[in-house]
Structures are given as C-alpha cells and as structure tokens.
Protein chains: 2
Amino acid sequence: MADFTVTPWEVKGKVDYDKLIIQFGTQKISQELKDRIKRDVGELHVMLRRDIFFSHRDLDQVLNDYEQGKGFFLYTGRGPSLGFHIGHLVPFIFTKWLQHKFNVNLYIEVTDDEKFLRTQDYTLDQTRSFAYDNILDIIAVGFDPDKTFIFQDTEYIRNMYPLAVKIAKKLTFSQVRATFGLDVSSNLGTIFYPALQIVPTMFEKRRCLIPAGIDQDPYWRLQRDIAESLGYYKAAQIHSKFVMPLNGPEGKMSSSIPESAIYLSDDPKTVKYKVMKYAFSGGQPTVELHRKLGGNPEVDVAFQWLYMFFEEDDKRINEIEEEYRSGKMLTGELKEILIEKLNSFLEEHRRKREEARDLVHTFKYDGKLAKEMWEKIHE
Amino acid sequence: MADFTVTPWEVKGKVDYDKLIIQFGTQKISQELKDRIKRDVGELHVMLRRDIFFSHRDLDQVLNDYEQGKGFFLYTGRGPSLGFHIGHLVPFIFTKWLQHKFNVNLYIEVTDDEKFLRTQDYTLDQTRSFAYDNILDIIAVGFDPDKTFIFQDTEYIRNMYPLAVKIAKKLTFSQVRATFGLDVSSNLGTIFYPALQIVPTMFEKRRCLIPAGIDQDPYWRLQRDIAESLGYYKAAQIHSKFVMPLNGPEGKMSSSIPESAIYLSDDPKTVKYKVMKYAFSGGQPTVELHRKLGGNPEVDVAFQWLYMFFEEDDKRINEIEEEYRSGKMLTGELKEILIEKLNSFLEEHRRKREEARDLVHTFKYDGKLAKEMWEKIHE
C-alpha cells in the first residue's frame with residue numbers, strides 16, 4: 001500500500017511519483033519525448049529538464065499534430081482566491097513557455113462560479129473580486145495578448161452553455177460524484193460545474209493540452225470518456241509534481257495554511273521571516289554536525305524550491321547541491337539564496353502586475369483571440 | 001388512501017381536487033377572493049367563474065400588493081415540444097387575461113435546455129427548433145408586446161447565471177431529487193435545471209404570480225423555501241385543474257398519447273375524426289337509453305372541454321348541460337358543438353400564429369420589456 005494520497009482536493013504524505021504514474025495510468029515523460037520537444041522548439045524548459053513536469057497523457061499525439069501542422073491549443077484555469085501563492089504559478093509559468101515556443105492559443109478559465117459554490121462563506125461579489133485580482137497575477141506571467149483568452153464563467157457562460165448542456169447530458173451524478181468529491185448533500189451548482197470545466201477542452205477542433213498538477217488528472221478522465229462521442233479530441237495533459245509546502249517535505253503548498261506558502265503579495269520582510277522561521281530544512285541540528293555529515297537536499301524545501309524554478313542555471317544548482325550535501329553550505333546560507341531569488345522574483349512580478357491593469361481588457365474582451373471568442377457560441 | 005396521483009410528471013386516476021388542496025397544502029380560491037378580483041378589475045374570467053383555476057398560494061397577498069400600488073408580475077413557461085395541444089394553452093389563455101386586466105409584466109421561459117436534457121433522443125437543435133415553433137403558438141395567444149419577455153434558456157443564460165448559482169448554492173441534490181424525479185443516474189444538466197427554473201421568479205423585486213396546473217406546485221415549494229433568504233418574495237401561484245384527455249375522464253391530456261389530445265396544428269377533418277372517434281362520452285349506449293336516462297356531463301369530455309373554455313357564455317353552457325343531462329341532446333350533437341367550437345378556435349389561432357412570425361423578434365429581443373431585460377444581469 002502506498003503511504004500517500006493524491007486526489008484533486010487532497011495531497012497527503014510523501015508522494016512516490018513513479019507509483020503515482022502507475023496508479024493513475026499516465027505516461028512518464030521519457031528522454032525520447034524530451035529530445036523530441038527540444039528538436040521541435042530548440043530548447044527544454046527547466047521544469048522539463050528537471051522532471052518537474054514528469055508525466056503526461058497523449059503528449060506524443062500533441063507533438064504529432066504540431067509537427068504535421070495541425071496544431072493544438074492550451075487550456076488552464078484558476079479558482080479565484082485571496083491567496084495566490086508561488087505553487088499556483090508553476091503551471092502558468094510553464095504554460096507561458098509552451099505558448100511562446102509552440103506559438104499556440106491559450107484559454108484560461110477563471111471559475112468565479114465554482115469558488116463561490118464550493119465555499120460556504122464567500123459571496124459571488126467576493127469571488128469576482130478575487131478573480132480580478134488573480135487575473136492581474138496571471139497576466140503578469142507574460143502571456144501573448146493576441147493568443148490568450150482569459151474568461152470568467154459568470155461572464156462567458158452564454159457562449160459556453162449550449163456545449164455545456166451537451167456535455168452535462170453525457171455525465172451522470174454517479175459518474176462525477178467520486179471524482180469531484182460530491183454527495184447528495186452537495187449543492188446543484190457544484191454538481192453541474194464539471195460540465196463547465198470540460199467545455200474549454202472543446203473550444204477548438206484541435207487537440208487540447210492541459211498543463212496542471214498531476215492531482216488534477218482525474219477531472220480530465222471524465223472528459224476523455226466523452227469527448228469523442230461529441231466530435232472532439234480527448235484532452236492531452238502534461239502533469240507537474242507538487243511544490244513542497246514551506247514547512248515540510250510532504251503534501252503540497254496550501255493557500256489555507258499560511259506557513260506553508262509564500263504568497264505573491266508577501267513583502268521582502270515577510271518572505272525573509274517565513275523562510276527563516278518555517279522553511280523545512282534538510283540540514284543537521286548543529287553547525288558542527290552539518291559540516292561533518294552535510295545536508296539532505298531531497299527534503300530541504302529551500303533547495304527544492306531553487307531546483308523547481310528559482311535557480312534555472314543547471315551548473316549553479318549543481319554547485320549548490322554539492323556544497324549543501326557536503327556540508328560546506330549551511331542551511332542559513334541556502335535559505336539566504338532562496339530569499340534573494342524569491343524577493344527579486346516577487347518584486348519583478350509585482351512590477352508586471354501593475355502593468356497588467358492596463359491589459360485586463362485586452363485579455364478578457366478585445367485582444368485578437370478574445371474578440372473572436374466573444375463572437376463564438378460553442379455548440 | 002386517495003386513488004389518484006398528482007406529481008409534476010404524472011397525473012393518474014380521477015383527481016379529487018378538494019383532497020388535493022389538502023394534500024398539497026394550498027388554498028382554495030374562495031368566493032370572497034373571486035369577488036375581490038372582480039372588484040379590482042371589473043370582471044371574472046370564465047376559468048375563474050367556473051373554478052378551472054381553483055387553488056392558490058398567496059393570491060391574497062398579490063391582490064394586496066396590487067391594491068396598494070406595489071404591483072406584481074407574472075411568470076410562466078414552456079418545455080418546447082412538437083405537440084402543442086389545447087391543454088397546454090389553458091395557462092397561457094388565463095395568463096393573457098391576467099396580464100391585460102392587471103396591466104403587468106409577464107416573463108415566459110422557454111426551456112430548450114431542459115427538454116434536451118430530459119429527452120434522450122432530442123438534439124439541442126431540435127428542441128431549439130421546437131422552441132421557435134412553440135413561441136409562435138404562445139405569441140398567437142395575444143400577449144402585450146411591451147410588457148412580455150419571451151426567452152430561451154440557452155440564449156438568456158448569461159443574464160440569469162449569477163442569480164442561478166446563488167439559488168443553486170441553496171439547494172442540495174437531496175432536496176430537489178424527489179420533487180424533480182431525479183436519481184444518481186440523472187445527468188448533471190437536469191440536476192442544475194431546478195435553479196434555472198427559479199430564477200425568473202426573482203426577475204423583479206415584486207411578488208411573482210405563476211399561473212399553472214396544480215401538478216406544478218411542488219416545484220415552487222422549493223422556491224418558497226429559499227426566496228426570502230436571497231432577498232426576494234416567495235412565488236405566489238394560481239392553480240388550474242387538468243384538461244381531461246380526449247379519450248377518458250382521468251389523468252390529463254398528454255402530448256405523447258395522440259388520441260388524448262387535440263394539437264393546435266390539427267386540421268378540421270382531423271379534429272372531427274378525433275372527437276367523433278375518441279372523445280369519451282357520458283352518454284348512454286343507445287339513443288333509446290340516452291333519451292330515457294340522459295347523459296352524464298361530469299365525465300363527458302366534449303361537455304367538459306366546452307365548460308373549461310370553449311363555451312364562455314354561462315347561459316348557453318347551462319342550456320347544453322341541461323339538454324344533455326335530460327337526454328334531449330345526444331352525444332353526437334354535443335360532439336358537433338365541440339367540433340365547431342374547436343375548429344373555429346383553431347382556425348383563428350392559426351391565423352394569429354402566422355401574424356406572430358413578425359412579432360418573435362419583438363417579444364424576444366427588442367420589445368420594450370425585452371430590451372430592458374437584455375440589459376439586466378440578474379444577481
């Protein structure tokens with residue numbers, strides 16, 4: 001028995017990703033597939049080089065379609081919330097790279113309806129205001145304004161609804177219950193929502209590629225069961241590992257546990273305080289022991305965060321790993337490296353976030369793709 | 001135990017309407033209430049005089065609001081189908097009278113989504129084409145184009161969805177399951193639909209009055225449970241009895257049993273044939289016996305249809321009743337009266353239906369009320 005649990009609403013324990021691939025029935029991203037991507041677009045993103053994105057469904061078919069000129073499109077989403085943290089950014093950063101390298105359309109669904117329906121205390125006005133805020137953070141990542149459409153369910157529903165009811169007719173309560181964690185006491189909106197989540201996978205008559213945490217895979221199995229009967233493609237996926245919570249090497253970073261996360265809004269002092277106080281260390285209890293035995297980068301959150309995306313230079317990350325493992329680098333020093341990286345990343349992010357205010361309208365309504373999408377009723 | 005069943009999807013047996021009022025917990029429309037309506041608007045519709053509309057919830061409050069100048073609004077609907085029959089027309093004809101007498105707004109929801117979701121074999125294109133057809137029949141009834149908004153769910157969803165999710169959040173699967181005849185094998189769309197049906201009861205911050213068959217009452221109980229918590233009024237209702245099926249005095253007329261119904265599209269020959277062949281008679285087996293014992297108008301469908309709405313003249317209907325009961329009028333003669341009334345009604349209806357083609361756009365999009373409604377997002 002595995003001593004970890006991965007569902008769309010819970011990640012517990014130390015995840016064995018090889019086992020998870022077998023459990024979920026997905027494919028490992030092989031060296032061959034990575035080489036092929038590199039041939040196709042000239043380079044490999046750090047998250048591919050380091051197996052942060054490590055698993056997939058039909059990525060090979062996506063590459064076939066790309067190489068044959070049929071093309072594909074990208075789809076990702078965001079359940080608007082107050083706490084946008086760096087773990088949430090991982091799929092967006094990677095998606096941006098995919099968009100730029102493959103030069104494809106990207107659809108970003110902002111589920112202001114679902115967040116409202118799932119959270120007893122939120123009003124719809126609140127989730128829509130979170131949506132506005134989160135959209136700024138998303139735009140700051142740097143998507144192509146001509147090829148990206150960001151939409152909120154409560155606004156774009158008219159265009160999606162005919163297709164949504166066609167999808168809804170193919171899915172019963174029994175079928176979605178387990179995957180979405182529903183039961184007979186669930187409200188009607190949460191029960192319908194799975195249909196709305198599937199609609200964007202059918203925005204184009206091409207293959208859709210979804211970059212997301214592997215915990216989201218079960219949602220898309222439902223899509224894959226019904227897509228072809230509606231005349232569309234099964235959604236392809238590319239899955240990432242979880243970003244370790246700040247305070248420990250198990251589970252994943254969570255908005256609702258502040259000491260587990262660095263929020264995009266955390267100021268330099270807060271970042272420093274949180275990393276110093278909470279970041280789970282792979283180091284030894286004393287400097288003497290550390291010098292002697294060295295640290296363990298596998299469980300050290302500061303190292304893992306640098307590895308996952310804050311230190312893109314392969315040579316430099318290897319140096320850090322060696323120095324830490326040998327005991328030459330102390331936990332405090334490692335944390336300082338992360339703090340500096342984090343703060344310069346966040347500073348730059350917030351600068352771009354301010355600029356994003358002028359781009360909201362473009363991404364949502366009058367950019368090239370957005371305009372086309374508002375004229376389309378999905379059937 | 002009652003030997004009849006009344007649910008929103010089935011009417012069986014000979015309905016005892018007094019018992020039903022007690023079962024459902026509604027109020028009888030008292031003589032006092034009828035007198036009050038007459039005082040308010042100057043006359044009583046034949047369906048009120050003859051207790052075809054016989055039961056209500058909060059109709060007294062609706063009249064309070066009217067008399068105090070607060071006003072109210074009307075809401076009814078239509079699940080689009082191929083077979084629009086005269087039984088379907090009853091609530092529309094009465095609603096038209098209410099609209100004209102009280103001079104109020106009327107909203108007509110055409111549920112092209114629900115019909116598609118509920119009927120395995122229908123495509124969405126089909127239910128939308130039925131919707132167009134049925135809208136012609138509805139417009140032919142003669143509603144006020146400045147004060148009537150006819151809308152299809154798949155088109156107006158954007159304006160309804162924010163309020164729909166607020167309603168949906170208040171209703172669980174358990175709560176709607178029995179009322180809507182759902183179970184775990186129901187599709188997601190049918191499960192969400194109860195929320196969409198409730199939205200129009202909240203189109204205005206005034207009391208909504210729903211004229212409908214009493215079998216629809218259970219739907220509105222759900223609305224009444226949650227309306228005030230959302231800042232709206234409990235929906236008031238005025239309930240009709242069922243139009244007897246042509247072929248028998250029990251149950252109600254059904255689209256799916258052709259010999260039970262006269263469709264609005266039936267030509268004069270078909271009407272004559274159906275009435276002569278199928279109309280359940282309260283007469284005696286032979287002319288001799290009939291002359292001697294007389295007919296029974298209570299179970300005679302031809303008489304009941306004349307009574308319900310085809311013979312509005314109270315003096316004339318009494319004459320017919322007496323002549324039939326006494327045996328002076330034979331079943332064949334009674335049927336001839338109905339056939340003539342039916343055919344002249346249907347001829348006039350079809351004439352108005354042709355004229356309605358030019359009015360569809362007004363009722364749906366650019367009439368006075370329609371225009372206002374397209375500018376409103378219901379929250």
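Which domains does the domain assignment of chain A give? Select 5-246 of chain A for domain 1 and 258-354 for domain 2; these bounds come from an automatic or database domain assignment.

Before going on, a word on the ground rules. This is a predicted model, where local features need pLDDT of at least 70 and side-chain atom pairs count only at pLDDT 80 or more, while totals for chains, interfaces and linings use all residues. Residues are numbered from 1 along each chain as its sequence is written, chains are lettered from A and ligands numbered from 1 in the order in which they are written, and side-chain values use heavy atoms, with hydrogens and water left out.

**Stop one: between the domains of chain A**

Colour the two domains separately. Taken over C-alpha atoms, their centres lie 28 Å apart. Now show the contacts (heavy atoms within 4.5 Å): 22 residues of domain 1 of chain A touch 32 residues of domain 2 of chain A. Together the two domains bury about 2400 Å², with carbon and sulfur atoms giving 67% of that area; buried area is the accessible area (1.4 Å probe) that two parts lose on being put together, summed over both.

Next, pick Arg50(A), Ile86(A) and Leu246(A). More than any other three residues, they contribute to the area domain 1 of chain A buries against domain 2 of chain A, supplying 38% of it.

Zoom in on Arg353(A) and Asp137(A) to see their side chains in a salt bridge, at 2.8 Å from N to O.

**Stop two: where chain B meets chain A**

Bring both chains into view. Here 37 residues of chain B are in contact with 37 residues of chain A. The two chains bury about 3100 Å² between them, 68% of it on carbon and sulfur atoms. Select Tyr161(B), Lys169(B) and Leu188(B): these supply 26% of the area chain B buries against chain A, more than any other three residues.

The rule finds 2 salt bridges across this interface. For a salt bridge between the chains, centre on Arg128(A) and Glu379(B), whose side chains meet at 2.5 Å, N to O.

Finally, switch to cartoon view, with helices taken as DSSP runs (H or I, at least four residues) numbered from the N terminus. Among the helices of chain B that each supply at least two residues to the side touching chain A are helix 7 (124-140), helix 8 (153-169) and helix 10 (188-198).

How values were computed
A salt bridge is a side-chain nitrogen of Lys or Arg within 4 Å of a carboxyl oxygen of Asp or Glu.
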